[in-house]
Amino acid sequence: MALLAGKMAWLSGAAGAGGTGGGRRAAAASTWFPGEMAKTRRLIRENLPLVGLVIEVADARAPRAMRHPGLKGLVPGRPVLTVLGKADLADPSVTRRWVEFLGRTSPSGDGVAVFSGGRGREVRAIAGLARELGRARSPRAPVRAMVVGLPNVGKSTLINRLCGRASARTGDRPGVTRGKQWLRAGDGLELLDLPGILVPGRLPDPVALRLALLGILPDHAFEVTRVALFALDLLAEAHRLPAELCRGEESAAFGLLERFAEVRGHVRSGGRPDLERAAAALVRDFREGRFGRFSLERPPDDAGRGAPVHAG
Ligand SMILES: Nc1nc2c(ncn2[C@@H]2O[C@H](COP(=O)(O)OP(=O)(O)OP(=O)(O)O)[C@@H](O)[C@H]2O)c(=O)[nH]1
Ligand SMILES: [Mg+2]
């Protein structure tokens, strides 16, 4: 709990602009997370004997930050199918490179697939791959898979598409699924929907910022201006700022946020920009792809180096 509180303190304490209430937010976050996450880890352990396969959903915009580094240890002996979700919001060429990289580097028996919200072809491919990986392990039994991943990555949405109906509850905030639920996808494939899980311990700062920007951490867990400034830095470096923000002399993120506030009419009485409201709007726009399809990470290059990606 102390570790999580430390991470939250960083995200709120380092806010460059207009930060208030950081202590209150850190406290709220530190009581919200550990209980939920411990429950999910318990659910994974309890239900492991029932499943032959694990499907891990990771946001295609930042697969490294999203994938649980200790997942194989949590689910011994089970093949893992990694699904790069929300691929409709990621740079398609970077996603193709992630698929190639993960396919090449994952243990044999594991798989990788892409999900872009609902395309039939992708959904059939994921279902086919899940059955294939599951049946390779136990040929006659129905394939039972648990679907894991960080909060809000799209686990329940994927399950609903695989099942062909909206049976699992979904929503655009973390923590929508609260308990476990079994759902049938047909043709011998059964899926266990679970609440999101975060790796316990302190997240490295760049990872925490990416998760906050992509909607994985609850809003009360971080200072939104800090995350908006991070997004503006990424957009500026990638030359992907919207034209109305590029007009002035200003190129530093703080000035860009002020300009965004003015352009969007987020001003307080007296005409001062309301940076907190502007930041929340900017982060929302980024999450919904209003700045275009954007990947935050690319796979390591041939020399084994990994780096965030800035180009879209
Ligand atoms: N654009 C896009 N949005 C998606 C995709 N998958 C899910 N979403 C949206 O992402 C949000 C979260 O989806 P959920 O399926 O509820 O996520 P979850 O992982 O089950 O979340 P928790 O139950 O809170 O852990 C919802 O608003 C979905 O509509 C996708 O592939 N593309
Ligand atoms: Mg869910």
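Two residues are in contact here if their C-beta atoms, placed from the backbone, lie within 7 Å. By that definition, residues 24 or more positions apart account for 66% of the contacts in the protein with a separation of 6 or more. Welcome to this structure, which is a predicted model. The protein has 12 helices and eight strands, and 43% of its 312 residues count as buried. The points below visit a sheet, some packed helices and the surroundings of a ligand.

- Six strands form an open sheet with mixed pairing, and their order is 3-2-1-4-6-5.
- At the edges are strand 3 (111-114) and strand 5 (181-186), each of which pairs on one side only.
- From one strand to the next, the twist averages 25°.

**Strand 6 and its partners**

- With strand 4 (residues 143-149), strand 6 pairs in the parallel sense over five bridges.
- On that strand 6 pairing, E190 is the bridge partner of R144.
- Strand 5 also pairs with strand 6 (residues 189-193), in the antiparallel sense and over five bridges.
- Several residues can be followed across to strand 6: Q181 stands opposite D193, W182 stands opposite L192, and L183 stands opposite L191.
- The hairpin of strand 5 and strand 6 has two residues between the strands, and D187 in this hairpin takes a positive phi near 50°.

- Helix 8 covers residues 205-213, and its buried residues are A208, L209, R210, L211, A212 and L213.
- After helix 8 comes G215, which has a positive phi near 85°.
- A pair of packed helices is described by the angle between their axes and the distance between the axes.
- For helix 8 and helix 9, the packing angle is about 95° and the axes are 10 Å apart.
- Angles of 65 to 115 degrees count as roughly perpendicular, and helix 8 and helix 9 are therefore roughly perpendicular to each other.
- Where they meet, helix 8 brings L209, A212 and L213, while helix 9 brings V227, F230 and A231.
- This contact of helix 8 with helix 9 has six nonpolar residues, with no polar and no charged ones.

**Helix 9 and helix 11**

- Helix 9 (residues 224-237) also packs with helix 11 (residues 253-264), at an angle of about 105° and with the axes 9 Å apart.
- That angle makes helix 9 roughly perpendicular to helix 11.
- From helix 9, the residues A228, L229, L232, D233 and A236 meet A253, F254, L256 and L257 of helix 11.
- Sorted by class, the contact of helix 9 with helix 11 has eight nonpolar residues, no polar ones and one charged.

**A closer look at L257**

- Where does L257 sit? Its place is in helix 11.
- Is L257 buried or exposed? The cut-off for a buried residue is 20 or more other C-beta atoms within 10 Å of its own. L257 has 26 C-beta neighbours inside 10 Å, so L257 counts as buried.
- L257 and P273 are 16 residues apart in sequence, and their C-alpha atoms are 9.0 Å apart in space.

**Around ligand 1**

- How many residues surround ligand 1? There are 24, and the closest are G154, S156, T170, T177 and G196.
- Helix 7 (residues 155-163) supplies three residues, the largest share of the shell around ligand 1.
- By class, the shell around ligand 1 is made up of 13 polar, seven nonpolar and four charged residues.

Conventions. Residues numbered from 1 in each chain as written. Chains lettered and ligands numbered in written order. Predicted model: local features only at pLDDT ≥ 70, side-chain atom pairs only at ≥ 80, totals over all residues. Near = placed C-beta within 6 Å. Helix = DSSP H or I, 4+ residues; strand = E, 2+ residues; numbered from the N terminus. Nonpolar A, V, L, I, M, F, W, Y, C, P; charged D, E, K, R; others polar. Buried ≥ 20, exposed ≤ 12 C-beta atoms within 10 Å, placed from the backbone. Pairing = 2+ DSSP bridges. Axes fitted to C-alpha atoms, helices over the stretch in contact; angles between N-to-C directions. Parallel < 35°, antiparallel > 145°, perpendicular 65-115°, else oblique.
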